[in-house]
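Colleague: I would like to learn how to read single features in a model. Please take me through some of them.

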Amino acid sequence: MAGDAPMDQRAPADAFALVGNETRAEILRVLGEEPWAGLSFSELRSRVDPDLDSGQFNYHLQQLVGQFVRHTDDGYEMRPAGVTLYRTIRAGTFSRTATVEPFEAGFDCYFCGSTVEASYEDGIFHLRCPGCEHVYSHTMAPPSAVEGVAREELLARIDQYNRHTMLAFARGVCPVCVHGVDREFIPGESAWSEGAERFDLFVRHTCGYCGNRHFMSVGLALLYRPLVVCFFHGRGLDVTSAPHWELEFAMTDRDVTVRSRDPWEVALETTCDGDRLELVVDETLGLVEQRVVSDVE
């Protein structure tokens, strides 16, 4: 069974020490460009540093074999850990910084009406209202997300990246370590985000393995439920592609009603094109009730 898989535990300091050398870092860079191709010793050495003594090069290469690199009949290639490390470094997570000055994000704040602004600094993409300081997005992203990209494309990238994260959490999987997560309803004031007190409650997802946590409105937690997608799609709105911060039912809890707290029963009732969608979920976000009511306006 997968749960019985043996664990080979290595000290993180030992793993990172292996790449704290210019030659080893270059080996990983070269192999990372085509991680599964397989390069012979001579081809790899010629791409890394043909002037380096063969014995010295072999010493550094063998330091990586086992942890980040493997030797096969086709030559040397990356192990999954090496691919992950290469891509993280390539994204600039550890080695570069970038800044994007605030610019208009294309929608108005649902709480005060001011134009919401987007910015990027210190590895964080912010979507914030300058009027009431409500935070719509606080997203960790590497410099590669913002380098050389137009503002409209940057917003689209962050929207899709956030959706990837939210969908994983909503389906019970940590998007970082791929461990199972726990979920629970919490009062809005218990969430860390600026402006969270404007919500009655959030859905908090917690990974007990790596400590990753994510807070979602009820609307966001239910965004990819089939009935939600079909309801809006049938009325001309694709909620899977429209920027999620432009969906009021997902960015506020005005359409949310707490019917019971012990046990939890929470209702999402939202309208589109004169029709109303009603969903009721329990503490596990399991569906209790669902229906569509036509011509409610």
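Modeller: Start with a polar contact, meaning a pair of N or O atoms within 3.5 Å where, within protein, one must be able to donate a hydrogen and the other to accept it, and where residues adjacent in sequence count only if both atoms are side-chain atoms. Here a polar atom of the T252 side chain lies 3.3 Å from the backbone nitrogen of R254. This is a predicted model, in which local features need pLDDT of at least 70, side-chain atom pairs count only at pLDDT 80 or more, and totals for chains, interfaces and linings use all residues. Residues are numbered from 1 along each chain as its sequence is written, and side-chain values use heavy atoms, with hydrogens and water left out.

Colleague: Where is T252 found?

Modeller: Helices (H or I, at least four residues) and strands (E, at least two) are DSSP runs, numbered from the N terminus. T252 is in the loop between helix 9 (248-251) and strand 10 (256-261).

Colleague: Is T252 buried or exposed?

Modeller: Buried means under 20% relative accessible area, exposed over 50%, and partly exposed in between (1.4 Å probe, protein chains only). T252 has a relative accessible area of 2%, so it is buried.

Colleague: Which residues is T252 in contact with, leaving aside its neighbours within four places in sequence?

Modeller: Contact means heavy atoms within 4.5 Å. With those neighbours left aside, T252 is in contact with Y110, F111 and F199.

Colleague: Now the backbone angles. Which residues have a positive phi without being glycine?

Modeller: D122 is one of them, with phi of about 55°. D122 is found in the loop between strand 4 (115-121) and strand 5 (124-128), and it counts as exposed because its relative accessibility is 70%. E133 is another, with phi near 65°. E133 has its place in the loop between strand 5 and strand 6 (135-140); at 44% relative accessibility, E133 counts as partly exposed.

Colleague: What joins D262 and P263?

Modeller: A cis peptide bond, with omega about 5°. P263 lies in the loop between strand 10 and strand 11 (264-272).

Colleague: And the chain as a whole?

Modeller: The protein chain has 9 helices and 13 strands, and 42% of its 297 residues count as buried. For the radius of gyration, taken over C-alpha atoms, the globule rule is 2.2 Å times the number of residues to the power 0.38. A compact globule of 297 residues would come near 19 Å, but the protein chain has 24 Å. Its C-alpha atoms fill a box of roughly 80 × 50 × 35 Å along the principal axes.
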